[in-house]
Amino acid sequence: MAQFPQLVFSGVQPTGNFHLGNYLGALVKFVDLQRSFDCVYCVVDLHAITMPQDPVELTKNIREVTAAFIASGVDVKKNIVFNQSQVAEHAELAWVFNCVARIGWLNRMTQFKEKAGKDRENASVGLYAYPTLMAADILVYRATHVPVGEDQKQHLELTRDVAQKFNNDFSGSIAARGHGDAFFPLPEPVIQGPATRVMSLRDGSKKMSKSDASDYSRINLSDDADQIAQKFRKAKTDPDALPSEVAGLAGRPEADNLVGVFAALNETTKEAVLRDFGGQNFSAFKAALIDLAVARLGPVGAEMKRLQADAAYIDGVLRDGAQRASAIARANMAAVKDILGFIR
Ligand code: AQP
């Protein structure tokens, strides 16, 4: 298959309650990857409206996610940072992909089943087509690497299927226009580290989530030191001491989750954490976890607040990013139109 220049793309929904799972599952990797790759980081506001949104809150949340990117260390000069709705080619390519993807593929998507719940007939068409828009987000830049949490693995697989089917269906036209044997790369998910799936602090079997009704289930990036401490202190655990080896975490989802969070925040492994804390009870471990979390997240939250107070700056970052993103997306979309046989 053709070689593609390496490019990272990832997106975060501006749906409020930006939390520790989003931070460790996505943002920390965004910052790591910018050292070795060109990166495009997007606030996916078109995805946000697949569920009901209050317009005033949505505007605030777009700025909150952008502030979280910058406060976490994403370099907005080196990388492209923008909100999705400013680059029309995302929606345009998503339509093409709606005609490439098969209904059977979308019917298998577990996120739709979870979010639509029992009232499936009343879910928006956009929620159902979410994965084809996500495929367009990535492929409109012909991105090769996508840092995400584990929950997005299935959507990434669908993105690869869409890319492959497009390349197959239009192989003659792709070759005739000088693109070799493939127009789209098959993007690789980047899912690694001890916190690819951070779980709820109230229930170790549920993902930490923005939409959980209980604020005690998650650490928000906007939480202050007292809130972080209180939430970890109240976090569900079990009566046993911590094990000395990772195998001892099996069947103990809450303990496993807190050890994983500690390891990710401390940039180490679960093995190393258990070497230090094995045999200790949770109160000692939680005290150390609180100190670590406050030291690591406190400055990020404070910087987010400072940035959010300057809406003009954030909006300027997004506008500048959108112009740079548009230049790439427009060229790729023009090539897609030629491949499809559209007149332009
Ligand atoms: N619990 C998590 N652990 C690790 N990574 C996570 N991500 C989300 N939750 C966790 C990753 O964060 C990135 C941005 O996610 P998104 O904004 O697209 O979010 P989402 O999946 O809608 O976030 P939530 O909290 O799960 O929202 P709701 O409650 O609406 O379902 C992605 O890379 C995602 O993998």
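Modeller: With a term: a polar contact is a pair of N or O atoms within 3.5 Å, where one must be able to donate a hydrogen and the other to accept it. In this predicted model, the rule finds two residue pairs in polar contact across the interface of domain 1 and domain 2, both at pLDDT 80 or more.

Biologist: What are the bounds of the two domains?

Modeller: Domain 1 covers 7-196 + 311-340, and domain 2 covers 215-306. Their centres, taken over C-alpha atoms, are separated by 30 Å. Domain 1 brings 14 residues to the contact and domain 2 brings 17 residues.

Biologist: How is the size of such an interface expressed?

Modeller: The size of an interface is often given as the accessible area lost when the parts come together. Here domain 1 and domain 2 bury about 1300 Å² between them, and 74% of that lies on carbon and sulfur atoms.

Biologist: Which three residues supply more than any other three of the area that domain 1 buries against domain 2?

Modeller: L20, Y23 and P194, which supply 42% of that area.

Biologist: Which helices supply at least two residues each of the side of domain 1 that touches domain 2?

Modeller: α1 (20-33) and α3 (55-72). α3 gives the most to that side, with five residues. By residue class, the side of domain 1 that touches domain 2 has ten nonpolar, three polar and one charged.

Terms used. Residues numbered from 1 in each chain as written. Predicted model: local features only at pLDDT ≥ 70, side-chain atom pairs only at ≥ 80, totals over all residues. Heavy atoms only, no water. Domains from an automatic or database assignment. Contact = heavy atoms within 4.5 Å. Buried area = accessible area lost by both parts, 1.4 Å probe. Polar contact = N/O pair within 3.5 Å; in protein donor to acceptor, adjacent residues only side chain to side chain. Helix = DSSP H or I, 4+ residues; strand = E, 2+ residues; numbered from the N terminus. Nonpolar A, V, L, I, M, F, W, Y, C, P; charged D, E, K, R; others polar.
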